[in-house]
Each structure stands twice: as structure tokens, then as C-alpha cells.
Amino acid sequence: MSFSSRLRNIVAVALVGLGLSACGYNIIPTAEETAKARWADVQNNYQRRADLIPNLVATVQGYAKQEKDVLTAVVEARAKATRVQIDASQLTDPDKLKQFQDAQNQLSGALGRLLAISENYPDLKSNQNFLALQSQLEGTENRIAVARRDYIAAVRDYNLTLETFPSMLWAMTVFRNKKPMATFTATDDAQKPPQVKF
């Protein structure tokens, strides 16, 4: 084989590689991995919240002994929320994602009731441990909101990649087994304005 034919082969392989990289072949796997990474962020923040709850409950228990029902509801909701797991391979199943979201929403509601207890206990409100835990929990809720927003955006990008030209050509051929991922939806309660009572 002559030098010029080897050079032509090398140039041809380089052009094919360049053509494949420029034509969008990598867009679908990249978008999918980005969405999975965002999902891992969501799970990480939910786990952080689950880890903080036992400390918050123990602190409140020391002050609010008669509020056992609320504390029990928080502990049960945490147990249920940590039992309902969804991994990256199940992100295309909207029912699984809804089940996960419902368990997390139940925990959010129970935590809201727990934090409202502090209004009835002035000593608890001034307790440094409670204030620190409350602050961390509020920060975690903010992190969860940001992680969910980022996940929703990544899923939107991935799903659009499967449905738009030219990447849809790859989705219909090489990546036929790739399905759109499910995303979070607002709960019915989130659609209602909060009621303020004095």
C-alpha cells in the first residue's frame, strides 16, 4: 500500500469521525447522561433531608411531648419516602416517578406541620439546635427545588433531542430503544394559593 493511499485512508477515517461527531450522534447519549446526573442531584438532596429529619424530630420531641401525632406522622412519612426508590433506569416510567413524588410530597406536608409546632413552643423556637436544624432543613428544601428544576430542564432537553431534527434520525435508527423520560408535575395543592390565618 502506497503512502498516498494510506494517507487517503487516514483522511477518510478522520472525515467520517468528524462527520459523525458533527452530525449529532453524541447528542442523545450526552443529554441522557445529563438528565441522569440531574436525577442523582435530586436523590442526593432528598437523602440529605431524610438524614436531617431524625435530629429535628428528636429536638422537637424534647419540647413538644404532647405533639406525638405530628411527630409520628413525620417519622412514618420519612420511612415511606425512603422506601420508595427510583433509579435512573426507571425515569421513563411516569407511574414510578409519580409514586416517588407522592411519597416526597407527603413528607413535605408532615414537615410543614412539624415546623408549625414551633409556634406553640417559645422555648423550642429559641433552642439553638432547633434553629440550626430548621435552617438546614429550609436550605435543603431550597436545594431540592433547584435540583428538581435542573432535572426538569435536563429531561426537557433530552426529550426534545429525541423528537427534533436531526437528532431524531439517530433516535429512530441507532437509539430506537431510548424512551422519553418522565418529569415532576405540580401537585394539586401547589395549584392553590396558600391561606394565611391570623
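Which residues is leucine 111 in contact with, leaving aside its neighbours within four places in sequence? Arg49, Ile53, Leu56, Val74, Leu137 and Glu141. The views below come from a predicted model.

View 1. Read along the sequence, the pattern is α-α-α-α-α-α-α. The chain has 198 residues, and 32% of them are buried. Among contacts with a separation of 6 or more, 80% join residues 24 or more positions apart.

**View 2. The largest nonpolar core holds 46 residues.** Trp39, Leu56, Val60, Leu111, Leu114 and Tyr151 have the most contacts inside this core. Helices α2 (27-63), α3 (68-83), α4 (94-117), α6 (128-163) and α7 (167-172) each supply at least two of its residues. Helix α2 gives the most, with eleven residues.

**View 3. Leucine 111 is one of the core residues with the most contacts inside the core.** Its contacts beyond four places in sequence include Leu56, another residue on that list. Ile53, Val74 and Leu137 also touch leucine 111. So do Arg49 and Glu141.

**View 4. Phe3, Leu7 and Val11 form a nonpolar patch on the surface.** Together the three residues have about 310 Å² of accessible area. Valine 11 lies in helix α1, which spans residues 3-22. Is valine 11 buried or partly exposed? Valine 11 counts as partly exposed because its relative accessibility is 41%, between the 20% and 50% cut-offs.

**View 5. Threonine 92 sits in the loop between α3 and α4.** Which residues does threonine 92 touch, not counting those up to four places away in sequence? They are Lys179, Pro180, Met181 and Ala182. Threonine 92 and alanine 182 are 90 residues apart in sequence. In space, their C-alpha atoms are 5.2 Å apart. Threonine 92 has a relative accessible area of 33%, so this residue is partly exposed.

**View 6. Residues 194-198 have pLDDT under 50.** The model has zero contacts beyond four places in sequence for this segment. Where pLDDT is low, the predicted coordinates should not be read in detail. The chain as a whole averages a pLDDT of 83. A score of at least 70 is reached by 85% of the residues.

Technical notes. Residues numbered from 1 in each chain as written. Predicted model: local features only at pLDDT ≥ 70, side-chain atom pairs only at ≥ 80, totals over all residues. Heavy atoms only, no water. Patch = residues over 30% accessible without salt bridge, like charges linked within 9 Å, V, L, I, M, F, W, Y side chains within 5 Å. Areas by Shrake-Rupley, 256 points an atom, 1.4 Å probe, with all protein chains shown as cover. Salt bridge = Lys/Arg side-chain N within 4 Å of Asp/Glu carboxyl O. Helix = DSSP H or I, 4+ residues; strand = E, 2+ residues; numbered from the N terminus. Buried < 20%, exposed > 50% of the residue type's maximum accessible area, 1.4 Å probe, protein only. Core = buried A, V, L, I, M, F, W, Y, C linked by side-chain atoms within 4.5 Å. Contact = heavy atoms within 4.5 Å. pLDDT = per-residue confidence, 0-100.
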